[in-house]
Amino acid sequence: MTIRYPNGKLYTPNASVQKTEKKSRNKDLSFSNRGKTLEDEINEANDYYIKRRLAIIHKKPVPVQIVKVEYPSRSAAVIREAYFRTPSTTDYNGVWNGHYIDFDAKETASKTSFPLKNIHEHQMTHMQQVTEQNGVAFIIVRFSAFERYFIVPYEVLQKAWQAMENGSRKSIPFSMIEEEAYEIPTTYYPRIDYLPIIQRLIDAKCCRFESEEK
């Protein structure tokens with residue numbers, strides 16, 4: 001199926017992301033995690049939260065406009081061409097404990113850094129707008145080489161993004177991720193229980209605001 005962006009440019013899935021996902025599918029780290037991508041793990045956590053009335057967080061639907069459909073038989077339809085109606089923002093949003101939550105999911109096979117090319121400018125703009133409305137914006141990153149997960153706050157991304165625009169490096173060093181992001185410990189079920197880590201992010205944000213007001 002052919003999918004195009006709003007400007008007509010052909011959409012091609014990122015080869016490095018596909019490669020990372022393929023590796024993560026084939027990696028037999030544990031029976032419970034066999035074949036799961038980061039998206040699968042987040043969806044599993046979200047289902048867990050909804051069933052226990054802990055939070056309401058969903059994956060956002062992708063706005064696609066279908067322009068060409070073929071019917072090889074009466075009971076079957078095949079989509080041949082489609083367009084993204086608008087640029088996508090982030091993958092997930094919802095509400096938890098009175099907080100608006102908005103985040104994206106990213107995977108990288110790199111052992112040394114998180115490439116900023118995995119984030120688009122309109123996503124940065126969206127997260128900035130969420131932050132300005134006192135929402136909680138971040139990305140969840142999985143370093144597949146280590147099977148380690150981190151919540152990277154928008155503020156950390158914004159600092160690295162601005163440095164890149166000023167001619168600095170085009171990635172966030174893994175050492176900086178370890179120091180300034182929040183690691184999500186893995187559990188049996190759900191594998192990534194990320195809500196308690198968001199609470200740490202919110203608490204740290206409140207402490208910064210209080211110190212700034214003083």
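Two strands count as paired if DSSP finds at least two bridges between them, and helices (H or I, at least four residues) and strands (E, at least two) are DSSP runs numbered from the N terminus. Before you start clicking, note that this is a predicted model, in which local features need pLDDT of at least 70, side-chain atom pairs count only at pLDDT 80 or more, and totals for chains, interfaces and linings use all residues. Residues are numbered from 1 along each chain as its sequence is written, and side-chain values use heavy atoms, with hydrogens and water left out.

**Stop 1: the sheet**

Select the six strands of the open sheet, which follow the order β2-β5-β6-β8-β9-β11 with mixed pairing. At the edges you will find β2 (56–59) and β11 (182–184); each has a single partner strand, so one side of each is left without a neighbour in the sheet. From one strand to the next, the twist averages 25 degrees (axes are lines fitted to C-alpha atoms, for helices over the stretch in contact, and angles run from 0 to 180 degrees between N-to-C directions).

Now walk across from β2. Its pairing with β5 (residues 92–96) is antiparallel, over four bridges; pick His58 and you will see Asn93 of β5 opposite. Next, β5 and β6 run antiparallel and are joined by five bridges, with Gly94 opposite Ile101 in β6. Zoom in on the hairpin of these two strands: there are two residues between them, and Asn97 takes a positive phi near 55 degrees.

Staying on β6, colour by accessibility: eight of its ten residues are buried (buried is under 20% relative accessible area, exposed over 50%, partly exposed in between, with a 1.4 Å probe and protein chains only). On to β8, which runs parallel to β6 with eight bridges joining the two; here Ala105 stands opposite Ile140.

**Stop 2: helix α4**

Select residues 154–165. Which residues of α4 are buried? Show Tyr154, Val156, Leu157, Ala160 and Trp161. They cover an arc of only 160 degrees around the axis, which puts them on the same side of α4; the arc is that of the directions from the helix axis to the C-beta atoms. The buried residues of α4 pack against α3, β8, β9, β10 (171–173) and α5 (174–180). Just after the helix, click Gly167, with its positive phi of about 100 degrees.

**Stop 3: salt bridges**

The whole structure holds twelve salt bridges, each a side-chain nitrogen of Lys or Arg within 4 Å of a carboxyl oxygen of Asp or Glu. Start with Glu41 and Arg191, whose closest N and O atoms are 3.2 Å apart. Glu41 is in helix α2 (residues 38–51) and Arg191 in the loop between β11 and α6 (195–213), so the pair ties together parts that are 150 residues apart in sequence. Both Glu41 and Arg191 are buried.

Finish with Glu183 and Arg148, whose side chains meet in a salt bridge at 2.8 Å, N to O. Glu183 belongs to strand β11 and Arg148 to strand β9, 35 residues apart. Glu183 is partly exposed at 32% relative accessibility, and Arg148 is partly exposed at 24%.

Note on methods
Contact = heavy atoms within 4.5 Å.
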